[in-house]
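Open the model in your viewer and keep the sequence panel beside it. We will go stop by stop, selecting a few residues each time.

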Amino acid sequence: MTTPRIAIAGAGIGGLTCARVLQLHGFEHVTVFERESSPEARQQGGTIDLHADSGQEAVRAAGLFDEWRALARFEGQEQRKVDHATAELIEHEPPEGDFRPEIDRGQLRDLLLGSLAQGTVRWGRGIGSARPGEVTFLDGSTEAFDLVIGADGAWSRVRPAVSPAVPRYTGVLFVETRHDRDEALLDLTGQGTMVADDDGLMLWAQRNSGDHIRAYACVRADENWKPSNAELLDLFAGWHPSLLAFLEGELIHRPLYSLPVPHTWTHTPGVTLLGDAAHLQPPLGVGANLAMQDAAELALAIAEHGVRDGVPAYESVMLPRSVGFAERTNPALLEMVRERPARV
């Protein structure tokens, strides 16, 4: 018997995990289509924590647990909260155990890419739209498959095949800055994550590998507001100078979006979704874990039951789970970044 032809849209960690687990179970005709021209086309984002009961289980299913563990930063589990006005430590969670160690997203992606059969990922071959059993590429050509899996993120081109839902702005804006080997900022951040907040403003910093830091100023704001450094410093007036140093440098504006809650669909043979394509929600530590859990469980369900029965079996578990998380993370974001007197 020939194995089914499976197309995966998107070479993020979700799509790559699904492809890897499928290949481990003998599925030879799995292709990941990615619109970016190469693995180096863009920076892959910051650090992510893989949870023992979800992301780590997906790594196990992919047969890469030992390789992941060698890269994971267990010290990155440290959590620090400092006073916004004095920068003094007021809460501290030491990096104990191994429930949620950190790893740079790029390192994890490279690990998954290196595990796939040669030629699995078609770079520069983006999917423009899909319908059950067929994809239309950005160049207008089409190709038939037994299953199309949308792992193509927030603005998925595959999602319309099963759902009319589109992401909505949450009302919260993150403004990102990056800092390399700054000893003062590294000391404040610690080995993992540091947070400070006051009056509807939050500053959140994370240590990445190689002593790099990504920091995020978090505020309720208009979706299209793009503050300058001076405007951001004015907004955070009264904060300790050592914390204001996180706001220096190039600013990257990241308005946060989420899909409506609940987001579900009626099973449509020949197409399904995973990760942010299925359940985009605020970045509060669960998105990457859910994407990898989805990916592994979908692949395992197909391996056990075949495409026809495996996909609905997967969706019957994934959809209620993702709704449950979204019902918590969306209110949690608004609780974390509260309304404040308008200054923008």
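What follows is a tour of a predicted model, from a sheet to its cores and its charged pairs.

**Stop 1: the parallel sheet**

Select strands E7, E2, E1, E11 and E17. They make an open sheet of five strands, in the order E7-E2-E1-E11-E17, with parallel pairing. Which strands stand at the edges? They are E7 (121–123) and E17 (271–273). Each edge strand has a single partner, so one of its sides has no neighbour in the sheet. Neighbouring strands here are turned by 20° against each other on average, direction ignored.

Zoom in on E2 (residues 30–34) and E7. Three bridges pair them in the parallel sense. Pick Glu34 and look across to E7: the bridge partner is Trp123.

**Stop 2: helices on the sheet**

Next, show helix H9 (residues 287–336). H9 lies across E11 and E17. The angle between H9 and E17 is about 55°.

**Stop 3**

Select Gly12. This residue is in the loop between E1 and H1. Is Gly12 buried or partly exposed? Gly12 counts as partly exposed, because its relative accessibility is 29%. Gly12 and Arg109 are 97 residues apart in sequence, yet their C-alpha atoms are 6.9 Å apart in space.

**Stop 4: the nonpolar cores**

In soluble globular proteins, nonpolar side chains tend to be buried together. Look for that here. The largest nonpolar core has 63 residues. Select Ile8, Cys18, Trp68 and Leu108: these touch the most other members. Which element gives the most to this core? H9 does, with 13 residues.

Stay on Trp68 and show what surrounds the side chain. Leaving out residues up to four places away in sequence, Trp68 touches Leu50, Gln56, Val59, Phe74, Pro101, Ile103, Leu108 and Leu111.

**Stop 5: the cysteines**

Select Cys18 again, then Cys218. Cys18 is buried, with a relative accessible area of 0%. Cys218 also counts as buried, at 0% relative accessibility. How many disulfides does a search of the whole structure find? The search finds zero.

**Stop 6: a hairpin and its neighbour**

Show strands E4 (residues 79–82), E13 (residues 193–198) and E14 (residues 201–208). E4 and E13 run parallel and are joined by three bridges. Gln79 has Thr193 in E13 as its bridge partner.

Turn to the other pair. E13 and E14 are antiparallel, with six bridges. The two strands form a hairpin with two residues between them. Click on Asp199 in the turn: its phi is positive, about 55°.

**Stop 7: salt bridges**

How many salt bridges are there? The count comes to 17. Here are some of them.

Select Glu36 and Arg42. They form a salt bridge, with the closest N and O atoms 2.4 Å apart. Glu36 is buried, at 15% relative accessible area, whereas Arg42 is partly exposed, at 47%.

Move to Arg131 and Glu134. Their side chains meet in a salt bridge at 3.0 Å, N to O. Glu134 counts as partly exposed, with 21% relative accessibility. The cut-off matters for this residue, because buried means under 20%.

Finish with Glu176 and Arg254. Their salt bridge has its closest N and O atoms 2.5 Å apart. Glu176 lies in strand E12 (residues 168–180) and Arg254 in strand E16 (residues 252–258), so the pair ties together parts that are 78 residues apart in sequence. Glu176 counts as buried, at 1% relative accessibility. Arg254 is partly exposed, with a relative accessible area of 33%.

Together with Glu176 and Arg254, they are linked in a network of salt bridges.

Technical notes. Residues are numbered from 1 along each chain as its sequence is written. This is a predicted model: local features need pLDDT of at least 70, side-chain atom pairs count only at pLDDT 80 or more; totals for chains, interfaces and linings use all residues. Side-chain values use heavy atoms; hydrogens and water are left out. A salt bridge is a side-chain nitrogen of Lys or Arg within 4 Å of a carboxyl oxygen of Asp or Glu. Buried means under 20% relative accessible area, exposed over 50%, partly exposed in between (1.4 Å probe, protein chains only). Helices (H or I, at least four residues) and strands (E, at least two) are DSSP runs, numbered from the N terminus. Two strands pair if DSSP finds at least two bridges between them. Axes are lines fitted to C-alpha atoms, for helices over the stretch in contact, and angles run from 0 to 180 degrees between N-to-C directions. Contact means heavy atoms within 4.5 Å. A nonpolar core is a set of buried Ala, Val, Leu, Ile, Met, Phe, Trp, Tyr and Cys residues joined through side-chain atoms within 4.5 Å. A disulfide is a pair of cysteine sulfur atoms within 2.5 Å.
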